[in-house]
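I opened the notebook to record what I looked up in this structure. The entries begin with the backbone and then turn to the ligand.

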Amino acid sequence: MKRVVCPGSFDPITFGHLDIIERASSIFDEVVIAVMVNQTKKTLFTVAERIEMTKEVTARYPNVKVDSWSGLLVDYCKRNEIAIIVKGLRAVTDFDYELQMSQINLQLQGVETLFISTAPAHSFLSSSLVKEIASHGGDVSSYIPAVLLERLKDRLAGK
Ligand code: PNS
């Protein structure tokens, strides 16, 4: 069985993430979404909230599971016997950093990284941009699932 991990902060999960997850789920037997806890990155939502939102919007995919991890991604892979990381590549601006990470992960634990190119419709999309647009009252309904819109609005309003 080919099991892969799709890691990220998912703060919140966007249609760009979902596109990659859906396409990975049609290629591999099982996709584990690892909601990562990054001590150096301030997130809008707690890890429990990010897990809950991610589970809610991926519930329709029978071979997609949601988990979380704090620490090195390769340690998660080793513990769960996952040999492949799948990531979306949006543009050349992602490339340097992603190449460096993939090479480190290969060297640390022999974990391979496969890149799926983002659909052109999502090539500019990021959780950070969604939060920025929403924080100024902009419409982000084309970027994140409808069930997350109210939650994002409430959190940005300090609720
Ligand atoms: O959604 P993001 O924040 O862009 O995702 C980045 C993430 C969480 C996938 C990346 O920072 C990561 O893998 N962090 C875990 C720590 C790690 O393994 N770093 C690479 C080796 S230094």
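**Entry 1, backbone.** I found F10 in the loop that joins strand 1 to helix 1. The model is a predicted one. I read a positive phi of about 50 degrees for F10, which is not a glycine. I noted this because most residues other than glycine have a negative phi. Is F10 buried or exposed? Its relative accessibility is 3%, and buried means under 20%, so F10 counts as buried.

I then looked at P12, which is also placed in the loop between strand 1 and helix 1 (15-27). The peptide bond from D11 to P12 is cis, and its omega is near 5 degrees. Most peptide bonds are trans.

I looked up E81 in the loop between helix 3 (73-79) and strand 4 (84-89). E81 is not a glycine either, and has a positive phi of about 50 degrees. With 70% relative accessibility, and exposed meaning over 50%, E81 counts as exposed.

I checked where the ligand sits, and the space it takes is the largest pocket. Strand 1 (3-8) and helix 4 (92-109) are the elements that give two or more residues to the shell around the ligand. Helix 4 gives the most, with three residues. I sorted the shell by class: seven residues are nonpolar, three are polar and two are charged.

Which atoms lie 2.5 Å apart at S9? They are a polar side-chain atom of S9 and an oxygen atom of the ligand. For K41, I noted 2.6 Å from a polar side-chain atom to a ligand oxygen. At L73 a polar backbone atom is 2.8 Å from an oxygen atom of the ligand. The protein covers 72% of the 550 Å² of accessible area that the ligand has on its own.

Technical notes
Residues are numbered from 1 along each chain as its sequence is written. This is a predicted model: local features need pLDDT of at least 70, side-chain atom pairs count only at pLDDT 80 or more; totals for chains, interfaces and linings use all residues. Side-chain values use heavy atoms; hydrogens and water are left out. A polar contact is a pair of N or O atoms within 3.5 Å; within protein, one must be able to donate a hydrogen and the other to accept it, and residues adjacent in sequence count only if both atoms are side-chain atoms. Accessible areas come from the Shrake-Rupley method with a 1.4 Å probe; for residues, only the protein chains shown count as cover. On a 1 Å grid over the protein atoms alone, a cavity is a set of points where a 1.4 Å probe fits but cannot get out, and a pocket is an open set with protein on both sides within 12 Å along at least five of seven lines; lining residues have an atom within 4 Å of a point. A molecule sits in a cavity or pocket if more than half of its atoms lie within 2 Å of its grid points. Helices (H or I, at least four residues) and strands (E, at least two) are DSSP runs, numbered from the N terminus. Ala, Val, Leu, Ile, Met, Phe, Trp, Tyr, Cys and Pro count as nonpolar, Asp, Glu, Lys and Arg as charged, and the others, Gly among them, as polar. Buried means under 20% relative accessible area, exposed over 50%, partly exposed in between (1.4 Å probe, protein chains only).
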